[in-house]
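Q: Please go through the terms applied to this model, setting each value against its definition.

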Amino acid sequence: MLWLLHGAAGIAAAIVLLILLFLAVEAWPILRHIPLPHFFTDASWHPGEGMYNLAPMLSGTLYAAAGALLLAVPLGMASSLFVLYYASPGLANGYLRLVELLAGIPSVVYGFWGLTTLVPLINQIHAPGASLLAGILILTLMILPTVALTAHAALLAVPHEYIRGAVALGMSQWGIIRGVALPAAKAGIVAGVTLATGRAVGETMAVLMVTGNVVQHAHSPFDPVRTLAANIALEMPYAMSDHRAALFLSGLLLMMLVMILWGLPAWPRKDIHG
Amino acid sequence: MAKSLPAKSSAIRSFRPFRDRFAQFALYIVAFLISASFAWIVFDLVRGGIGHLSIDFLVDVPRNAGRSGGISSILVSTVLILLIALAAALPLGWATAALLAEYVPANSSFGRFVRYSLLVLAAVPSIIFGLFGNAFFSICLGMGFSILSGGLTLACMLLPILISTAETGLRAVPDAYRLSAAALGISRTAALFHLLLPVAAPALVAGLLLGIGRALAETAALLFTSGYVDRMPSSLLDSGRTLAMHIYDLSMNVPGGDASASASALVLIIALLLINIVAIRLIAGWQGRTIIPE
Amino acid sequence: MSIRSSIGMIQFVTLILTLAFAWHPRGNAASEKLVLTGASTIAPLASEIGRRFELQHSGTRIDVQSGGSSRGINDVRNGTAAIGMVSRGLKPEEKDLHAHLLAWDGVGIILHASNPVAALSQQQIRDIYTGKIINWKMVGGKDAAVTVVNKADGRSTLELFLNYLKLKNSEIKPHVIIGDNSQGIKTVAGNANAIGYVSIGAAEYETKHGLPIKLLPLDGIEATVTNVRNGTFPLSRPLNLITREPSNSLARKFIEFAGSAQVHDLVEAQYFVPAWVR
């Protein structure tokens with residue numbers, strides 16, 4: 001029985017290795033005649049003219065993901081707290097269904113709605129409308145359900161004795177939430193936030209439609225940006241040979257960035273599941 | 001949801017400093033904002049697509065590049081792909097979660113390696129999943145453009161969600177349960193199936209619903225794996241497009257497809273609502289048969 | 001869940017999957033399958049043509065996949081697909097492949113319907129796109145900053161546009177970059193000061209259905225599908241079906257069918273101009 005479980009876990013890990021291998025193999029052709037530093041020092045990203053600077057798109061990805069997390073984590077947590085501690089059962093149920101539906105709306109629908117409703121709205125404030133801000137708002141809507149639903153599950157799992165003890169001690173509702181429930185559910189909430197971050201970094205379709213896709217470093221939230229994932233989706237269908245390999249390389253670099261981001265806090269964190 | 005927590009009892013309501021009132025107010029505002037955004041999106045979809053909805057829409061096959069006719073073949077493909085994805089990902093995912101939570105010491109390098117890989121997997125862009133799925137399932141394993149290939153690619157995408165939530169749920173089960181089971185002489189496997197998993201059910205459900213939502217919402221991963229064909233599939237090795245792909249094609253590629261796209265999106269949302277309700281009922285039923293609430 | 005009911009569940013699921021697998025109509029092995037991959041622009045049209053072809057030749061299956069022009073070329077070269085869909089002419093390095101013209105697609109400049117500017121000269125368009133003209137009042141419009149909409153790298157519409165204006169992509173200063181035609185149309189429709197270029201047929205359709213965009217004449221010629229058809233409009237791209245010789249008989253039959261008059265209504269339903277008309 002145990003070997004079965006180990007095998008199952010091994011498959012999950014093997015998939016990641018396969019994906020990395022795949023990216024490396026497809027990216028190799030371009031690394032043979034363009035040295036790596038070029039991907040950060042070229043003038044800009046113009047594959048048609050042999051320029052492959054990835055840095056602006058990397059920053060675009062990071063800004064969009066960070067902005068979305070900044071909004072989605074508080075909103076998602078607030079949603080789960082609302083459902084568990086503040087809303088009446090009927091309201092809580094209805095709202096929970098709503099959040100679950102938000103999780104299932106296709107990214108193209110978000111993108112479509114963003115393009116036809118959100119972008120013109122932002123355009124009224126500051127041209128061109130398709131911008132980092134639009135990307136952040138749409139991403140927030142998309143990753144919020146992940147944070148909310150995982151936080152909800154984590155909070156539900158807090159042992160009742162903790163809550164009852166806190167009530168017996170006369171703590172106020174918010175005090176119980178902040179002092180007892182949230183810390184007890186921390187591991188689950190962090191897991192959910194990590195999932196949400198992954199989604200924010202990897203989201204392709206919706207971002208492609210609302211961020212403007214101009215390859216540049218953003219100086220304000222109203223500037224258009226291009227994320228790495230959107231870039232791959234945008235250019236892959238028409239990319240030949242070197243251009244194609246460059247796109248796979250950008251995918252590989254994105255994965256490495258993610259691995260470094262996850263690796264930094266993860267390795268020392270040995271005892272969190274103790 | 002049946003376990004309404006004592007935090008809502010009237011004993012607390014009588015003691016409300018300003019901070020609590022503010023927290024309550026803020027949370028209601030947040031819930032309102034999010035509901036309003038959802039309502040706005042659905043309203044736009046209804047406005048664009050309600051005219052196109054009918055029973056015929058659900059039973060006809062697509063015609064004229066999807067602008068007329070219906071979505072029956074697409075619904076069938078979507079259901080098949082979803083079933084394959086879940087059939088592959090659920091056993092694999094929950095088994096891995098059980099391993100990580102119950103059988104592997106918290107500090108073991110195997111456990112940490114698996115967890116780390118899953119976190120990395122969660123951040124792979126969907127388009128890369130599509131390209132990988134194409135290279136591995138379609139070409140290397142020879143499935144070609146097929147529902148099977150698409151379903152398996154989706155299964156890879158769902159694994160991090162399922163495992164992460166299931167592991168959290170299992171870890172949250174108090175050790176008292178495990179110790180009591182051991183004291184009663186119940187084997188670890190039996191304790192897992194009959195005691196721990198049912199108690200962790202809400203977390204499993206959360207993961208399942210998130211996974212289903214994600215699977216139904218995907219386009220980029222399926223473009224190169226299950227493909228574009230809108231014919232009624234006659235086997236799992238046939239190519240078939242999902243509802244999300246259909247919506248993408250109609251709204252972004254076919255001129256004049258917006259109304260049909262909105263109508264399809266409405267069908268998808270309603271279908272998802274039904275699936276979610278059914279899934280919750282099933283799991284609650286399972287939990288009800290195995291756990292006697294305190 | 002008891003062990004008995006979980007075993008029962010597993011048996012049930014296995015049964016369903018086996019049935020699903022076994023559920024090949026026996027004709028499937030005998031039916032001929034043709035796979036097309038390539039440009040998403042052509043995919044809906046190819047799908048419809050395939051559907052009509054299947055009706056006339058029973059026992060055939062025409063599977064159309066998308067994935068982009070470069071995918072079409074790669075797949076035909078490595079044998080994954082019998083026919084590729086490419087939304088441009090073949091390049092010199094692609095001379096190992098044969099192109100069969102399917103349709104023409106005109107490319108026109110669009111503005112928001114509320115923009116008072118009625119025509120732009122080539123030089124004005126060039127200056128707008130390279131960032132020398134940044135306000136509409138410099139060409140007789142409102143006092144508002146121009147939002148330049150450009151297409152993503154590698155697209156044939158972009159190359160056509162660059163050739164016409166004799167520009168390089170790095171000289172263009174875009175504010176928004178779009179992928180598909182539809183995205184371009186929706187972007188301009190939502191921004192009163194935007195300028196972009198899209199497929200004429202798609203733009204004509206949207207204009208007729210009330211979307212607030214308008215097509216500009218190029219070099220004095222109105223941007224209409226009619227003008228693309230009679231060859232007077234300067235900017236249009238070929239939509240090609242490509243094969244590698246020798247191709248199999250089903251592929252040849254399909255290409256013949258696709259180039260014939262029997263599918264003209266399908267081509268026009270997608271707002272392209274059928275091949276033989278020009």
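A: In this predicted model, strand 4 of chain C and strand 10 (residues 273–274) of chain C pair in the antiparallel sense over 2 bridges. Within this pairing, C:W104 has C:V273 in strand 10 as its bridge partner. Residues are numbered from 1 along each chain as its sequence is written, and chains are lettered from A and ligands numbered from 1 in the order in which they are written. Because the model is predicted, local features need pLDDT of at least 70 and side-chain atom pairs count only at pLDDT 80 or more, whereas totals for chains, interfaces and linings use all residues.

Q: Which other strands of chain C pair with strand 4 of chain C?

A: Strand 9 (residues 236–243) of chain C runs antiparallel to strand 4 and is joined to it by 8 bridges; here C:A103 has C:L239 as its bridge partner. Strand 7 of chain C pairs with strand 4 over 5 bridges, again in the antiparallel sense, with C:V107 opposite C:S199. Strand 8 (residues 213–216) of chain C is joined to strand 4 by 4 bridges and runs antiparallel to it, and C:I110 is partnered there by C:L215.

Q: What makes a set of residues a nonpolar core, and which residues touch the most other members of the largest one?

A: A nonpolar core is a set of buried Ala, Val, Leu, Ile, Met, Phe, Trp, Tyr and Cys residues joined through C-beta atoms within 7 Å. The largest such core has 283 residues, and B:A85 and B:L159 touch the most other members. Helix 6 (residues 132–156) of chain A gives the largest share of this core, 19 residues. Apart from neighbours within four places in sequence, B:A85 is in contact with B:G151, B:L154, B:A155, B:L158 and B:A215.

Q: How many residues of chain B are in contact with chain A, and of what class are they?

A: In chain B, 88 residues are in contact with 84 residues of chain A. Helix 2 (residues 18–49) of chain B contributes 14 residues, the largest share of that side. The side has 64 nonpolar, 17 polar and 7 charged residues. These classes follow from the rule that Ala, Val, Leu, Ile, Met, Phe, Trp, Tyr, Cys and Pro count as nonpolar, Asp, Glu, Lys and Arg as charged, and the others, Gly among them, as polar.

Q: How many residues of chain A are in contact with chain C?

A: There are 28 such residues in chain A, facing 27 residues of chain C. Helix 5 of chain A gives 5 residues, the largest share of that side. By class, the side has 17 nonpolar, 9 polar and 2 charged residues.

Q: What is the confidence in chain B?

A: pLDDT is the predictor's confidence in each residue, from 0 to 100. Chain B averages a pLDDT of 86, and 93% of the residues score at least 70. Over residues 1–12 of chain B the pLDDT is below 50, and this stretch has 19 contacts in the model beyond near neighbours in sequence.

Notes. Two residues are in contact if their C-beta atoms, placed from the backbone, lie within 7 Å. Two strands pair if DSSP finds at least two bridges between them. A residue is buried if 20 or more other C-beta atoms lie within 10 Å of its own, exposed if 12 or fewer, and partly exposed in between; C-beta atoms are placed from the backbone.
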